[in-house]
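Notebook open, model loaded. I'm jotting down what I looked up, roughly in the order I looked.

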Amino acid sequence: MLHQFIEYEQALQRSELRTVRSVDGVIVLCEQGDLWITEDNGGDVLLQRGERHLLRAGRLAVIEALSDARLQLKALAPARGWLAQLRHKLGHAWPRTAKLPQADGCH
């Protein structure tokens, strides 16, 4: 079953799979058991109880329960407006503060 960018909490039995598509970013929280996450970029992550992992925007992931587990998906707030969307896509590369050059004669 494919879940597209929704928040939910679910119990998974051992070896049960969930496929998740992250539109704006989703935090996967392992509340119980052990989870194995495989992202479409080839990265694998193992989560134990209390650990979390960020699925970045535009990613597809398969989550497998390595033991009986409970997971929670928390959607990140979508960016508003073109400037917020740009800032969201650039992430840490976006400067928090910037000094704009002043034109001659301006103070």
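Cut-offs before anything else: I call a residue buried under 20% relative accessible area, exposed over 50%, and partly exposed in between, using a 1.4 Å probe and protein chains only. The model is predicted, so I ask for pLDDT of at least 70 for local features and 80 or more for side-chain atom pairs, while totals for chains, interfaces and linings use all residues. Residues count from 1 along each chain as its sequence is written, and side-chain values use heavy atoms, with hydrogens and water left out.

**Entry 1: the chain overall**

I took helices (H or I, at least four residues) and strands (E, at least two) as DSSP runs, numbered from the N terminus. That gives me 1 helix and 9 strands.

The chain has 107 residues, and 24% of them count as buried. For areas I used Shrake-Rupley with a 1.4 Å probe; for residues, only the protein chains shown count as cover. The accessible surface comes to about 7,600 Å², and carbon and sulfur atoms own 52% of it.

Then contacts, meaning heavy atoms within 4.5 Å. Of those between residues at least 6 apart in sequence, 62% join residues at least 24 apart.

**Entry 2**

I let two strands pair if DSSP finds at least two bridges between them.

I27 stands opposite K74 in β9.

**Entry 2: β5 and its partners**

Next I went to β5 (residues 34–39). Its covered face holds L35, I37 and E39, and its uncovered face D34, W36 and T38. β5 runs antiparallel to β6, with 5 bridges between them, and is also antiparallel to β8 (residues 60–65), again through 5 bridges.

β5 and β6 make a hairpin with 4 residues between them, and G42 in the turn has a positive phi of about 95°.

What does W36 face on either side? In β6 its bridge partner is L46, and in β8 it stands opposite E64. W36 also turns up in a nonpolar surface patch of about 280 Å², together with L46 and L66. My patch rule: residues with over 30% relative accessible area and no salt bridge, like charges joined within 9 Å, nonpolar side chains (Val, Leu, Ile, Met, Phe, Trp, Tyr) within 5 Å. L46 sits in β6 (residues 44–48) and is exposed, at 58% relative accessible area.

**Entry 3: salt bridges**

Side chains of opposite charge can pair when their charged atoms come close. My criterion is a side-chain nitrogen of Lys or Arg within 4 Å of a carboxyl oxygen of Asp or Glu. How many did I get over the whole structure? The search returned 4.

One of them joins E9 and R70, with the closest N and O atoms 3.3 Å apart. E9 lies in β2 and R70 in β9, so the pair ties together parts 61 residues apart in sequence. Both ends are partly exposed: E9 at 41% and R70 at 29%.

Another joins E39 and R59, closest N and O atoms 3.8 Å apart. E39 is in β5 and R59 in the loop between β7 and β8, so this pair ties together parts 20 residues apart in sequence. Buried or partly exposed? E39 is buried, at 10% relative accessibility, whereas R59 is partly exposed at 26%.

R59 meets D40 as well, at 3.7 Å from N to O. D40 is in the loop between β5 and β6, so that pair ties together parts 19 residues apart in sequence. I logged D40 as partly exposed, at 47%. Through shared partners, E39, D40 and R59 form one salt-bridge network.
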